[in-house]
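Thanks for sending this one over.

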Amino acid sequence: MTKRFAAAVLRSYESRFTVEEVTLGAGPADGEILVRIAGCGMCRTDLAVRRSAGRSPLPAVLGHEGAGVVVETGGPDTGLGVGDHVVLSFDSCGHCRSCLGAAPAYCDSFASLNLFGGRKENAARFTDAAGIALAPRWFGQSSFAEYAMVPARNAVRVDSSLPIELLGPLGCGFLTGAGAVFTSFGTGPGDTIAVYGAGAVGLAAVMAATAAGALTVAVDRHPERLALAERLGASPLYAASAGLPERIRQLTGGGAQYALDTTGSARLINDALRALRPTGHLGLVARLHTALPLEPGSLDRGRRISHICEGDAVPGLLIPRLTGLWQAGRFPFDQLIRTYPLADINKAERDCDAGRVVKPVLIPAGAGTGR
């Protein structure tokens, strides 16, 4: 099988994306599926490739929040069939201690499979119009494209009545924020949580915390993001407010039990620790690029800090939970999305960088309706 289709290619760390014809030189191998992409979210991790100091191979097709329809399966054991609607999530090996322990985000091979080279088998099947091989699949997907070849374990079947073109961010960004609340923290009714940064991950955490019945505070520097967080159920606080930890302690009746930082700001991380109640837990999802100085006493009285990857989620369990909450009107993630044609990927990136959109979703030509 040779399949030609449009994809957004990043050729250098400084260049813009170019939508080009690429070629897929073979059909699905055992355990793989071919998916016609209906929509793909744009995540900060995609854009961070530009700052990866050469660790991410280029040229490449990025994109790792894809969703679409299965058009071909490889082998009898994928568990999926042609016509199934699927959300695509991160790759994992399935057999290391972490994967076997229901912690695929901590797979021993996570970095190599998702970030820095992909699977060794069937790695170089994408070529450009000149026949030059593109980098191996990004997060097992490379879904800034009309089609994606994906390990079946990356794919989660969803109800075909759902708006498939909007569901891709449930595979990473929204999964991370909601997973931190539901899985990492185990948040329940009456708990208190402070969320620092009201972007896609932070607002997903706000929605999940509201659905869980928690008292939620959202901290951000953009008034429009705070207004959105308030509509989603959080008490808003401006990030530069004087005495921020004291204000959070007042709002939460003595301190937040949980805090989630999505900003990577050392100042806000220290504020978050000071605003925790005794035995409180602060989770970090942003990658830190410098040393993190912690102020004296910030980790006393049982307070703790940890890094959270992909919301500690098992995608096959959490994604159906999130779609069920959306259907019940309790996780309105569609309010965070703005769609763009795949051809406008560079505009989507500019809008994302400028904070004009919370979650861009790219729609390949003819794949779905915009909103």
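1. Please keep in mind that this is a predicted model. The disulfide count comes to 0. C93 gets its closest cysteine sulfur from C107, at 3.6 Å, which is too far for a bond because a disulfide needs the two sulfur atoms within 2.5 Å. C172 is in no disulfide either, with the sulfur of C43, the nearest cysteine sulfur, 4.3 Å away.

2. Are these two cysteines, C93 and C172, buried or exposed? C93 has 17% relative accessibility and so counts as buried, the cut-off being under 20%. C172 is also buried, at 6% relative accessibility.

3. Next, have a look at helix 7, which covers residues 244–251. Its buried residues are L244, P245 and I248. Viewed down the helix axis, they fall within an arc of 100°, so they line one face of helix 7. An α-helix has 3.6 residues a turn, so residues three or four places apart point the same way. The cover over these buried residues includes strand 10 (192–196), strand 11 (215–220), strand 12 (235–238) and helix 8 (266–274). After helix 7 comes G253, with a positive phi near 70°.

4. Leaving aside residues up to four places away in sequence, L237 touches L244, R247, I248 and L251, among others. Its contacts also include V217, A218, V219, D220 and L226.

5. Helix 10 spans residues 345–353, and its buried residues are I345, N346, A348, E349, D351 and C352. What do the buried residues of helix 10 pack against? Their partners are strand 1 (3–10), strand 2 (18–24), helix 1 (44–47), strand 16 (337–341) and strand 17 (359–363). Just after helix 10, G355 has a positive phi of about 75°.

6. Last, the second largest pocket, with a volume of about 150 Å³. Its lining is made up of 13 residues, and P104, R153, V314, P315 and G316 are those nearest the centre. Strand 9 (155–158) and helix 9 (315–327) each contribute at least two residues to this lining. By class, the lining has 8 nonpolar, 4 polar and 1 charged residues.

Definitions and conventions:
Residues numbered from 1 in each chain as written. Predicted model: local features only at pLDDT ≥ 70, side-chain atom pairs only at ≥ 80, totals over all residues. Heavy atoms only, no water. Buried < 20%, exposed > 50% of the residue type's maximum accessible area, 1.4 Å probe, protein only. Helix = DSSP H or I, 4+ residues; strand = E, 2+ residues; numbered from the N terminus. Arc of directions from axis to C-beta. Contact = heavy atoms within 4.5 Å. 1 Å grid on protein atoms, 1.4 Å probe; cavity = no way out; pocket = protein on both sides within 12 Å on 5 of 7 lines; lining within 4 Å. Points joined across faces, edges and corners; volume = space filled by probe spheres on them. Nonpolar A, V, L, I, M, F, W, Y, C, P; charged D, E, K, R; others polar.
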